[in-house]
Amino acid sequence: MSTTRPCSPGDRGPEPSGASGASEGGAPVTGASGGDAAASSAASASSGGRQVRRLSFDGESGVVPLARDFTRQALYAWGWLPAATADRRAAAEDVLLVVSELVTNACLHAEGPDELGITCDNKVIRVEVSDRGGGQPAPRNPHRAGRPGGHGMFIVQRLCLDWGVVRTPGAAGKTVWAELGAPA
């Protein structure tokens, strides 16, 4: 697992600014929650089987449940839920857990998250959480299962195909990304 490579092999990197778009019908897709800021910033785009949704956390509270609800709605829209098999259900639950861990880490270590981005194609789901923090996430080494706390990035590392950090030169903050395989 990588924490230094900005993008995984074959990936084109993070979506450019303003990449959130519209659904295939052209109308913005909203509905992360009842919150106006969150709902108005949620969007979906489809590009050659690749679908993107973004959620801004600007002024929001309760961001971890908000992120999980937003992700769950995306998984329903993309056909990951309802799950027809136990493997598909486990894959969807893994995505929700990774979202929770990355957003929680941004809350605990980086002044809170700015944005959640989720990209789905036929084989991979990519989760990106942007924040203003300067730290470098890493699994606690050595990992001690019996100790409280410090398990977030260990969990991400175990569940994901790959993960890493993207920094924009000259800008504060970072984007922590993680990729999970689609269920068979």
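**View 1. The largest nonpolar core of the predicted model.** Leu102, Leu116 and Ile125 touch the most other members of this core, which has 34 residues in total. Two or more residues come from each of helix 2 (63–77), helix 3 (86–109), strand 3 (113–120), strand 4 (124–131), helix 4 (152–159), strand 5 (162–166) and strand 6 (174–181). Helix 3 gives the most, with nine residues.

**View 2. Surroundings of leucine 116.** Leaving aside residues up to four places away in sequence, leucine 116 touches Arg53, Arg54, Leu55, Phe57, Ala67, Phe70, Thr71, Val99, Val127, Glu128 and Val129. Leu116 is also one of the core residues that touch the most other members.

**View 3. Helix 3 from end to end.** Helix 3 has 24 residues, and at 1.5 Å a residue the helix should span 34 Å. Just after helix 3, glutamate 111 takes a positive phi of about 65°.

**View 4. The buried residues of helix 3.** These are Ala91, Ala92, Val95, Leu96, Val98, Val99, Ser100, Glu101, Leu102, Val103, Asn105 and Ala106. They pack against helix 2, strand 3, strand 4, helix 4 and strand 6. Val99 of this group is among the residues touched by leucine 116.

**View 5. Cysteine 107 and cysteine 160.** Cysteine 107 has a relative accessible area of 36%, so this residue counts as partly exposed. Cysteine 160 is buried because its relative accessibility is 4%, and the cut-off for buried is under 20%. The count of disulfides in the model is zero.

Technical notes:
Residues numbered from 1 in each chain as written. Predicted model: local features only at pLDDT ≥ 70, side-chain atom pairs only at ≥ 80, totals over all residues. Heavy atoms only, no water. Core = buried A, V, L, I, M, F, W, Y, C linked by side-chain atoms within 4.5 Å. Buried < 20%, exposed > 50% of the residue type's maximum accessible area, 1.4 Å probe, protein only. Helix = DSSP H or I, 4+ residues; strand = E, 2+ residues; numbered from the N terminus. Contact = heavy atoms within 4.5 Å. Disulfide = S-S within 2.5 Å. Expected span 1.5 Å × (residues − 1).
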